[in-house]
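Student: I have a structure open before me, and I would like to learn how to read its features step by step. Could we go through it together?

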Amino acid sequence: MSPLAKYHRSKPGLTECFELFLNKRELCNAYTELNDPVVQRERFANQLKDRQSGDDEAMALDETFCTALEYGLPPTGGCGLGIDRLTMLLTDSQNIKEVLLFPAMKPQD
C-alpha cells in the first residue's frame with residue numbers, strides 16, 4: 001500500500017506512515033521514506049506486477065530513483081499536502097476527482 005515508506009521499526013508487517021483526515025476527507029499522506037535501494041527495487045517490482053494485473057494505482061518501476069538511492073539518501077520523511085486536497089476541503093467536495101484540473105482524471109458520470 002505504501003511502496004515508498006519504511007517498514008515499521010518495531011511492528012512487523014506495518015510501515016511507518018499515516019494519513020491525516022479532516023471532516024471525513026483525506027487531507028495528506030505522510031511517511032518515513034524508504035532509503036534502502038534493494039528493498040525499494042523489490043517493492044517497485046511487486047507494484048509493477050500489480051499494475052500488469054490491472055491495478056491502475058500501482059506504481060511503475062522507477063529504475064532512476066533506485067539508482068539514486070544506491071548513491072545514498074539520508075533518513076527522510078515528510079508530509080504531502082497538495083493543493084488539490086486543500087481545494088477539496090475548501091469546496092466541500094466528496095471526491096478528489098471533482099477538483100482535479102486534468103480532464104482525463106475527472107469522473108465520467
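This is a predicted model: local features need pLDDT of at least 70, side-chain atom pairs count only at pLDDT 80 or more; totals for chains, interfaces and linings use all residues.

Student: In what order do the elements of the chain run from the N terminus on?

Tutor: The chain has three helices and three strands, and from the N terminus on they follow the order β-β-α-α-β-α. Of its 109 residues, 23% count as buried, while the chain exposes about 8000 Å², of which carbon and sulfur atoms supply 57%.

Student: How many salt bridges does a search of the whole structure find?

Tutor: A salt bridge calls for a side-chain nitrogen of Lys or Arg within 4 Å of a carboxyl oxygen of Asp or Glu, and the search finds three of them. One of these joins the side chains of Arg9 and Glu16 at 2.5 Å, N to O; here Arg9 is exposed, with a relative accessible area of 68%, whereas Glu16 is buried, at 13%.

Student: Which residues are linked in a network of salt bridges?

Tutor: The network links Arg41, Glu63 and Glu70. The side chains of Glu63 and Arg41 meet at 2.7 Å, N to O, and this pair links distant parts of the chain, with Glu63 in helix H2 (residues 63–71) and Arg41 in helix H1 (residues 37–52). The side chains of Arg41 and Glu70 meet at 3.1 Å, N to O; because Arg41 lies in helix H1 and Glu70 in helix H2, this pair ties together parts that are 29 residues apart in sequence.

Student: What are the relative accessible areas of Arg41 and Glu70?

Tutor: Arg41 is partly exposed, with a value of 24%, and Glu70 is also partly exposed, with a value of 47%.

Technical notes
Residues are numbered from 1 along each chain as its sequence is written. Side-chain values use heavy atoms; hydrogens and water are left out. Helices (H or I, at least four residues) and strands (E, at least two) are DSSP runs, numbered from the N terminus. Buried means under 20% relative accessible area, exposed over 50%, partly exposed in between (1.4 Å probe, protein chains only). Accessible areas come from the Shrake-Rupley method with a 1.4 Å probe; for residues, only the protein chains shown count as cover.
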